[in-house]
Amino acid sequence: MRYVNWLTAYGPTYLNALGWTALTAVLASLGAIVLGCALLLIRLTAGRWGKRAVDGYVQVFRNTPVLLPIYLIYFGFPLIGLPWPAVVCGGLALVLQNGAYVSEILRGSFRAIDRVQFDAARSIGLGPWHTFRKITLPQVLVYSIPSLGNQVVLLLKDTSLLSAITVTELTMQAKLLTEQTGAAYEAFVVVAVLYLVLVSATEVFFRAAHRSVRWTH
Amino acid sequence: MIEIRGLKKSFGATPVLRGVDLHVDDGEVLALVGRSGCGKTTLLRCINFLEEYDAGEILLDGQPLWYRAGPDGARRRVPDQDARRMRQQMGIVFQQYNLFPHMTALENVCLGPRFTQQVPAAEAEERGRRLLNRVGLADKVDAYPAQLSGGQQQRVAIARALAMRPKVLLLDEITSALDPELVGEVEDVIRSLLAERIMMILVTHAVGFAREIAHRIAYVSDGLIAEIGTPAQILEQPRDPTLKDFLRRIR
Amino acid sequence: MLDVRTLSLLLQGAGVSLLLALGSIACATLLAMALCAMAFSRWTAVRAFYRLYIYIVRGTPLLVLALLVFYALPALDLKTGPYVAGLLVLTLYVGALFAEVFRGGVLAIPRPQWESARSLGLPPGAMVRKIIAPMVVRYALPPYINVCVMTVKASSILSIISVWELTFAAREIIERTLAVFTVLGLAGAIYFVMCFGMDRVGRRVERRLLAKGFVGAPV
């Protein structure tokens, strides 16, 4: 019963925070995917040094917690003359971190493409950019859909860390409500449920996307 | 016409082509046969520069391909753009996995003309439909490769190669990976191309088919063309001992 | 710029992070074994509980779980500090991850090996110990190492519930001195060494186990 009262009182507040969480997650995911594609392109076309650079980038972000880039950008950018809003700083950190993981996912999918296709592309005269755009990228992205879905879920959960830099997303909202009203359980249980809903919705979306690809069946 | 002189290639320390000389006329059909590992596929791939080669020349209609002498006289690869232009004059069909799985048959066929030859979309599509009709797949223009049989895929691959209007068609064991009952439909398409007098070089195990359509058969052994002649000469009066052995084994 | 005091604080923080991570890895492994047994239980209700547990723990951000536990513990009248809350949360979270890894390991065992094991007619305890467990270890070891590395990284989130470890120390120092780039760069380097090192150690263990013909290559 008290949850019903709670929700009627704070429903809109939660929805506002939910909006921020969802928006940040969507934009950061898109950014991470674009960054991942760019890293794949560099890996494929920039020779030995390109591969090493991308590997280095990936290793750095795989072996450090995501809070560090978040703090680095949030606290550091104002010091170098870029006082961006907290949500942009946090979003950028999420893009940089997840872009590394996305590039590894894409790299795995790239291996699944039969080498003969690249011979075929060369034989009909396609240059490297056209080969990447029309042959490599579409297949790599489609093969990566399940793993990308996982990664987006992880990114979604990581948006909760933006509460540490004052972004009013779901987790921050729960903290604020707890401080205002002292009702910790209600505040956080509702937020946990909302995250579960978001995560489930994301998983449903990616499963549907996977099934909708006609050419693999 | 194609002229090959002294073609040599090694993979690391292993020589695969040891100085191949070959001349193929316009409109001629040449079959390359030989045991596995003799170098026939490598030779084919060198012709359209899917493999680099270490020495020798390949000329198409008198023009040297793939390498030219640099200012210091040393042998140098031509720039990628020129290589791509040269490649467009040859079409190649591989043993399998030819088609791009994420595109329909029509899109596969139109891709080359549209993006390499800058043919406008409508014209490329018309050309594509005509070619698919020609290989007997007019009703499959919007099918994806996964929905096509192996034989149908190979026919689309032939259509795609022809869409570039090549001077030469290179065929690398195009029926070897097919179930036996699908081989016939692909061979029929090749037969129908004879009337167009397009130069074809095919690597094949199907000696019977080679006898039927080839003007000459070249027997490749150990990186060299050991014997070359009309089908009658090669198959009935072989002179090279390894060729006799080879024929005995495949009979 | 490289303050000895800063470095020493960070290294102490790293020590705490490592202890937290290793402690939760140990507890979580035990928890995961119990959970995994539940995943294969005969009773539907038990299996359903497993799936619900996994669903909740994997669908909620670690931070939210941590805050829930952090706020809930005092309310439950347990006299504990942030360290216990942190260890508890990390154990519950990583335990779910390990349970899925073990479950995957069990499912990866090829059917012929199950059948040979059963045909030997061993009592269930011995069968699990001598036959199933080694095979699960072989298939589950690489993802297990991954989760261990993830645990080290996840420990940094506990800084938000006032657990003093490496990230907390770094943030403290930054808020005092504004040496953002050096301090965070250093903290990042320390995490890198810990995670990369753990990954390397794990791979060496994996190689050792395989070399001894532990279970042999996968079928």
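Good morning. I begin with helix 8 of chain C, residues 180-211, which has 32 residues and reaches 46 Å from its first C-alpha to its last, close to the 46 Å expected at 1.5 Å a residue. Please bear in mind throughout that this is a predicted model.

Which residues of helix 8 of chain C are buried? They are C:Val180, C:Val183, C:Leu184, C:Leu186, C:Ala187, C:Gly188, C:Ile190, C:Tyr191, C:Met194, C:Cys195 and C:Met198. In general, an α-helix has 3.6 residues a turn, so residues three or four places apart point the same way. Within chain C, the buried residues of helix 8 pack against helix 1 (4-39), helix 6 (124-154) and helix 7 (166-177). They also pack against helix 3 (67-76) of chain A.

That brings me to chain A itself. Its secondary structure comprises nine helices and zero strands. The C-alpha atoms of chain A fill a box of roughly 70 × 45 × 25 Å along the principal axes. Of the 217 residues in chain A, 44% are buried. Among contacts in chain A with a separation of 6 or more, 77% join residues 24 or more positions apart.

Finally, I turn to the contact between chains A and B. Chain A contributes 21 residues and chain B contributes 20 residues. On the chain B side, helix 2 (80-87) and helix 3 (105-115) each supply at least two residues. The largest share of that side, three residues, comes from helix 3 of chain B. By residue class, the side of chain B that touches chain A has eleven nonpolar, six polar and three charged residues.

Thank you.

Definitions and conventions. Residues are numbered from 1 along each chain as its sequence is written. Chains are lettered from A and ligands numbered from 1 in the order in which they are written. This is a predicted model: local features need pLDDT of at least 70, side-chain atom pairs count only at pLDDT 80 or more; totals for chains, interfaces and linings use all residues. Two residues are in contact if their C-beta atoms, placed from the backbone, lie within 7 Å. Helices (H or I, at least four residues) and strands (E, at least two) are DSSP runs, numbered from the N terminus. Ala, Val, Leu, Ile, Met, Phe, Trp, Tyr, Cys and Pro count as nonpolar, Asp, Glu, Lys and Arg as charged, and the others, Gly among them, as polar. The expected span of a helix is 1.5 Å times one less than its number of residues. A residue is buried if 20 or more other C-beta atoms lie within 10 Å of its own, exposed if 12 or fewer, and partly exposed in between; C-beta atoms are placed from the backbone.
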